[in-house]
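Please look over the structure shown here before reading on. The report that comes after it is meant for a reader who has not seen this structure before.

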Amino acid sequence: MTDLDSQPSRASKAPMLVAYAVTFIAFFDTFALLPTIGPYAEALGATGLGMGLALGAYSATNLIFNVVGGVMLDRAGRKRLALLGFALVTASILAYPLASSVTALVGVRLLHGVGGGILIPAVYTLIGDLSASGSRGRAMGRVGAVIGAAAVIAPGISGATRGRFGFDTVFVGLAVVMLAGLTLTALAVGETAEHSVRERARGVSMRSLLASRDLQVACIAVFGFTFGFGALGAFLPSRLEAMGRSPALSGGLFTLLALVAAVLMLTRVAGRVDNLGPRKPALTGLPLIAFGLVLVGLTDRVGVMMVGVVMFGIGFGIVYPAASGATAIAASVAERGRAFGVFNVAYSLGFVIGPPLAGFLHDLVGVSPFLWAAGFCVASLATILLLPKPTFL
């Protein structure tokens, strides 16, 4: 790593707090829409596959622009890309109420994914740049807790708002929140990659970055997690409403999941990746996620579902900070945008594949989509076990 990478400014506490606030806003729309997109697609006439496609469409373009955005982050700087991402996300959210069919909804989700594909790697990279060498795992754990806080607050607000005022009010309110994020970024976020670093990034090899065992483990682990999370987000709200439960209950369950994860990510567990690497946390967290999905898939009792989402939240709290922290550690400042672009490809790929595939298999053979998602978490676990042990640090 470079001197710039290992010697961040001592005066970076205030910029870090601003970056955490921007991160909270950047993820707010993602979690607010989890209990909303499935029912919205269903209201437009979607089948199980259609609901999965509506949720997964965001991640399809998100996946592509994670790579494009990662390269642009290293070459053009972090702030410009964050501003562009916020602008695209705000515009796309305002287009949701205009969707009058499942096809139109998928189109809006594709545009939304472009903005998210640029924005999310930008805020991750900002945090990675601002955190000190040797404490990046803990910093990314705090990022996970901030994201968890967004997940605690956003689903409950959107679920309650939808139940009382309807879908359009949710979308307009979210657009206002994202516009606030754009304004905060424009006024209070500084550039963290100097021009000399951005020039040096032009010579960085993507092949050598992809050869990192720790980055590979991080990507496989986060893929398994998001595959399960995507299925949970796509099908849990509709399942609960089919049982006669209110939209607020699905928001409450996602809030419980996120609260458990956020609390865990504020503990010392999140910082262990700085010394141990991502393999052990992944081998611990993925089975918990799979077990939580099995509990949700095998019962109609809300109490058992609550236990399932708590187990999922514990796995989330172990896997996510380890995977994102390992990504920040594995890359120098000149390649960190690319590293988080790759990380977010894996993150998005789980959402792209998970909901439509779980929905298709459910439609085909009648097995719960939650059980299919649990199976893919186990497959991710097996893949990590088959990789050579990473030479961390």
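## Model and nonpolar core

The model is predicted. Its largest nonpolar core holds 112 residues. Within that core, the residues with the most contacts are Phe27, Tyr124, Phe225, Phe229 and Leu232. Helix α10, which runs over residues 213-242, contributes the most to this core, with 17 residues. In soluble globular proteins, nonpolar side chains tend to be buried together.

Phenylalanine 27 can be looked at in more detail. Leaving aside neighbours within four places in sequence, phenylalanine 27 is in contact with Ile120, Val123, Tyr124, Ile147, Ala150, Tyr320 and Tyr347. Among these partners, Tyr124 is itself listed with the residues that have the most contacts inside the core.

## A nonpolar patch on the surface

On the surface, Leu49, Leu53, Phe360, Leu364, Val365 and Val367 form a nonpolar patch. Together these residues have about 510 Å² of accessible area. Two or more residues of the patch come from each of the elements α3 (48-76) and α15 (336-365). The element that gives the most is α15, with three residues.

Leucine 364 is one of the patch residues, and its place is in helix α15. Leucine 364 counts as exposed because its relative accessibility is 56%, and the cut-off for exposed is over 50%.

## Helix α13

Helix α13 covers residues 279-297, which is 19 residues. At 1.5 Å a residue, the helix should span 27 Å, and its end C-alpha atoms are 27 Å apart, so the two values agree.

Which residues of α13 are buried? They are Arg279, Pro281, Ala282, Gly285, Leu286, Ile289, Ala290, Gly292, Leu293, Leu295, Val296 and Gly297. These buried residues pack against α10, α14 (302-330) and α16 (369-386). An α-helix has 3.6 residues a turn, so residues three or four places apart point the same way. In α13, the buried residues include Ala282, Leu286, Ile289 and Leu293.

## Salt bridges

A search of the whole structure finds five salt bridges. In one of them, the side chains of arginine 78 and aspartate 74 meet, at 3.2 Å from N to O. Aspartate 74 also forms a salt bridge with arginine 338, where the closest N and O atoms are 3.0 Å apart. Aspartate 74 lies in helix α3 and arginine 338 in helix α15, so this pair ties together parts that are 264 residues apart in sequence. Aspartate 74 is buried, with a relative accessible area of 2%. Arginine 338 counts as buried at 5% relative accessibility, and arginine 78 is buried as well.

A further salt bridge joins aspartate 129 and arginine 336, with the closest N and O atoms 3.0 Å apart. This pair links distant parts of the chain: aspartate 129 is in helix α5 and arginine 336 in helix α15, 207 residues apart. Both aspartate 129 and arginine 336 are buried. Salt bridges that share partners join Asp74, Arg78, Asp129, Arg336 and Arg338 into one network.

Phenylalanine 65 is placed in helix α3. Is this residue buried, partly exposed or exposed? Phenylalanine 65 counts as partly exposed because its relative accessibility is 27%, which falls between the cut-offs of 20% and 50%. Leaving aside neighbours within four places in sequence, phenylalanine 65 is in contact with Gly70, Val114, Gly117 and Ile118. Phenylalanine 65 and glycine 117 are 52 residues apart in sequence, and their C-alpha atoms are 4.7 Å apart in space.

Valine 67 is also found in helix α3. Valine 67 is partly exposed, with a relative accessible area of 41%. Not counting residues up to four places away in sequence, valine 67 touches Gly341 and Val345. The C-alpha atoms of valine 67 and leucine 184 are separated by 25 Å, and these two residues are 117 residues apart along the chain.

Histidine 112 is found in helix α5, residues 102-130. Histidine 112 counts as buried because its relative accessibility is 1%, and buried means under 20%. Leaving aside neighbours within four places in sequence, histidine 112 is in contact with Asp29, Leu33, Tyr58, Val89, Ser92, Ile93 and Tyr96.

Methods: Residues are numbered from 1 along each chain as its sequence is written. This is a predicted model: local features need pLDDT of at least 70, side-chain atom pairs count only at pLDDT 80 or more; totals for chains, interfaces and linings use all residues. Side-chain values use heavy atoms; hydrogens and water are left out. Helices (H or I, at least four residues) and strands (E, at least two) are DSSP runs, numbered from the N terminus. Buried means under 20% relative accessible area, exposed over 50%, partly exposed in between (1.4 Å probe, protein chains only). Contact means heavy atoms within 4.5 Å. A nonpolar core is a set of buried Ala, Val, Leu, Ile, Met, Phe, Trp, Tyr and Cys residues joined through side-chain atoms within 4.5 Å. Patches are made of residues with over 30% relative accessible area and no salt bridge: like charges are joined within 9 Å, nonpolar side chains (Val, Leu, Ile, Met, Phe, Trp, Tyr) within 5 Å. Accessible areas come from the Shrake-Rupley method with a 1.4 Å probe; for residues, only the protein chains shown count as cover. A salt bridge is a side-chain nitrogen of Lys or Arg within 4 Å of a carboxyl oxygen of Asp or Glu. The expected span of a helix is 1.5 Å times one less than its number of residues.
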